Amino acid sequence: MTNWLWDIQGGTTLGLIWGIMALGLYLTYRVLNYADLTVDGSLTLGGAISAVCIASGMNPILAICIAVIGGMIAGFVTGILHTKLGIPDLLAGILTQFALYSVNLRIMGKANFGLLNQTTLFTQIKAMGVPSRWAGFIVGIVLAIILVNIVYCFFGTEIGCAVRATGNNPQMVKAMGANTRTYIVLGLVVGNGLVAMSGAILAQYQGYADINMGVGTIVIGLAAIMIGEVIFSKRTYHHRLTGVILGSVVYRIIIAFVLRFSLMVALPIRITTDDMKLITAIIVVIALVSPKIKAEMHTRHLKLEIAEDEEEEVL
């Protein structure tokens with residue numbers, strides 16, 4: 001029983017950290033209606049910058065801030081490639097992501113950059129007397145609450161409303177005399193800044209930055225978004241943003257339970273961390289299909305009620 005509780009706690013901590021990334025992806029994917037593949041590279045970029053800055057003796061919080069700036073620059077590059085050079089959105093993200101692989105290697109100088117015996121945000125929390133297993137959870141929950149409210153307030157501003165309108169109805173924004181290209185670039189900048197922040201915190205949490213730590217980021221983020229939308233399908237905008245974080249937590253807990261279950265039950269094929277991409281793909285498919293199945297069941301239920309009412313009228 002204790003192992004299951006530790007799995008929940010560990011999954012919740014990772015879910016909160018990755019939830020920041022999902023929040024950034026939500027901004028581009030759902031709000032802007034822009035399929036941004038830059039995130040796979042910008043998450044690693046945030047981790048790389050954070051690790052190198054901390055190794056040079058910089059304050060961990062300042063290292064996260066610089067990582068955010070790095071992610072914002074990556075989003076800006078993607079936005080310029082798309083809006084100014086006319087490169088399709090998918091290809092623009094792929095090009096930036098492709099280039100970031102070399103950039104991240106240049107920053108770290110090697111494929112894996114360790115933070116052994118370095119002062120991170122989590123070691124500072126532990127130094128205050130907080131147990132090591134709770135340090136990550138505290139950082140994650142505090143940052144998640146703060147960022148959800150900041151993003152919510154941002155979308156309540158005039159600029160934030162313009163970003164939302166650009167994703168929902170770009171023709172209307174153009175008719176009002178606003179430049180949709182500016183808001184697309186702004187959305188990509190903010191979104192990738194959040195993704196890089198997640199990468200920076202993740203690197204400090206796990207104690208290293210790796211060149212491949214961002215592989216599959218967009219799929220993981222989509223899984224969190226889809227699960228969150230299933231949880232809060234018809235709620236307020238604040239609930240939707242909170243649902244993204246909760247979706248990430250649920251996703252991580254599911255992954256932890258699947259791994260624990262495979263260890264406890266004699267399965268024909270042992271599930272390992274190498275199977276996580278397959279499991280993630282299955283989770284995304286289920287999350288995508290669930291609303292459709294739910295809508296079909298609701299439609300059938302209504303048809304049955306109508307048929308019953310017609311039979312009663314005939315009788």
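Let me start with two helices: α2 and α4 are roughly parallel to each other, because the angle between them falls under 35 degrees. Their axes come within 9 Å and cross at roughly 10°. Axes here are lines fitted to C-alpha atoms over the stretch in contact, with angles from 0 to 180 degrees between N-to-C directions. α2 covers residues 39-55 and α4 covers residues 89-108.

A word on the source. This is a predicted model, with local features needing pLDDT of at least 70 and side-chain atom pairs pLDDT 80 or more, while totals for chains, interfaces and linings use all residues. Residues are numbered from 1 along each chain, and side-chain values use heavy atoms, without hydrogens and water.

Which residues meet? On the α2 side, they include L45, A48, I49 and V52; on the α4 side, L100, V103 and I107 are among them. Contact means heavy atoms within 4.5 Å. The residues of this contact divide into eight nonpolar, five polar and one charged.

Now the whole chain. It has 12 helices and two strands, counted as DSSP runs: H or I of at least four residues, E of at least two.

Next, the largest pocket. It holds about 830 Å³ of space. A pocket is an open set of points on a 1 Å grid where a 1.4 Å probe fits, with protein on both sides within 12 Å along at least five of seven lines; lining residues have an atom within 4 Å of a point. Here 27 residues line the pocket, and L14, W18, I220, R252 and M276 lie nearest its centre. The lining divides into 14 nonpolar, seven polar and six charged.

Terms used
Grid points are joined across faces, edges and corners, and a volume is the space filled by probe spheres set on the points. Ala, Val, Leu, Ile, Met, Phe, Trp, Tyr, Cys and Pro count as nonpolar, Asp, Glu, Lys and Arg as charged, and the others, Gly among them, as polar. Angles under 35 degrees count as roughly parallel, over 145 as roughly antiparallel, 65 to 115 as roughly perpendicular and the rest as oblique.
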